[in-house]
Amino acid sequence: MATTQAQRASLFNTLAELMGTEDAETLMQQLPPGGWDRMATKDDLQVLGATFTAALAEFRVEVTNTFAEFRVEVANGFAEAAKERAEIIKAFSDRHSELVKSQARHLYITVSTICLATISIWIALLAGPGAG
């Protein structure tokens with residue numbers, strides 16, 4: 001049961017009469033201000049320790065699960081990025097291949113045209129006036 005302020009005052013007055021004011025004040029200072037029922041016991045501390053240990057264990061499980069989920073998400077992200085990179089490289093390669101083929105066709109046409117023109121010039125030179 002908690003000690004009331006009136007009870008503390010009465011105790012102080014009794015002690016002051018028996019021991020003197022200074023000794024009564026010294027003794028009263030040794031008593032807890034809210035009463036002994038407000039003081040934590042070893043059992044209270046053990047319960048608090050067990051509660052804290054359980055909460056800490058639960059927190060560890062949550063953190064472990066969160067990090068595991070994060071690692072999976074990161075791995076999935078890297079896999080998706082690798083897939084997109086492969087698609088980009090393939091698209092670039094396909095486009096590059098088409099560009100090379102187009103340039104090769106243009107080069108073939110240009111070289112063929114030059115060859116035909118050269119042959120035509122040689123024929124004209126060989127078959128023209130003064131030939132033969």
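Start with the whole protein chain in cartoon view. Read along the sequence, its pattern is α-α-α. The secondary structure comes to three helices and zero strands. Keep in mind that this is a predicted model.

**Whole chain**

Along its principal axes, the trace of the protein chain spans about 160 × 30 × 20 Å. The radius of gyration is 50 Å, whereas a compact globule of 132 residues would have one near 14 Å.

The protein chain exposes about 11,700 Å². Carbon and sulfur atoms supply 65% of that area. Of the 132 residues, 5% count as buried.

Now colour by charge. There are 11 positive and 16 negative side chains in the protein chain. The centres of these two sets lie 22 Å apart.

**Helix H1**

Select residues 5-19, which form helix H1. This helix has 15 residues. From its first C-alpha to its last it reaches 20 Å, close to the 21 Å expected at 1.5 Å a residue.

Step just past the end of H1 to Gly20. Here the backbone takes a positive phi of about 100°.

Go back into H1 and pick Arg8. Is this side chain buried or exposed? Arg8 counts as buried, because its relative accessibility is 15% and the cut-off for buried is under 20%.

Show what surrounds Arg8. Leave aside the neighbours within four places in sequence. The contacts of Arg8 are then Thr3, Met28, Leu31, Pro32 and Pro33.

**Helix H3**

Next, select residues 42-127, helix H3.

Pick Asp94, which sits in H3. Its relative accessibility is 35%, so Asp94 counts as partly exposed. Asp94 and Lys42 are 77 Å apart in space. In sequence, 52 residues separate Asp94 and Lys42.

Move on to Leu99, also placed in H3.

Finish with Gly49. Draw the C-alpha to C-alpha line from Leu99 to Gly49: the distance is 73 Å. The two residues are 50 places apart in sequence.

Conventions:
Residues are numbered from 1 along each chain as its sequence is written. This is a predicted model: local features need pLDDT of at least 70, side-chain atom pairs count only at pLDDT 80 or more; totals for chains, interfaces and linings use all residues. Side-chain values use heavy atoms; hydrogens and water are left out. Helices (H or I, at least four residues) and strands (E, at least two) are DSSP runs, numbered from the N terminus. Buried means under 20% relative accessible area, exposed over 50%, partly exposed in between (1.4 Å probe, protein chains only). Contact means heavy atoms within 4.5 Å. The expected span of a helix is 1.5 Å times one less than its number of residues. The radius of gyration is taken over C-alpha atoms; the globule rule is 2.2 Å times the number of residues to the power 0.38. Accessible areas come from the Shrake-Rupley method with a 1.4 Å probe; for residues, only the protein chains shown count as cover. Lys and Arg count as positive and Asp and Glu as negative; His and the chain ends are not counted. The place of a charge is taken as NZ of Lys, CZ of Arg, CG of Asp or CD of Glu.
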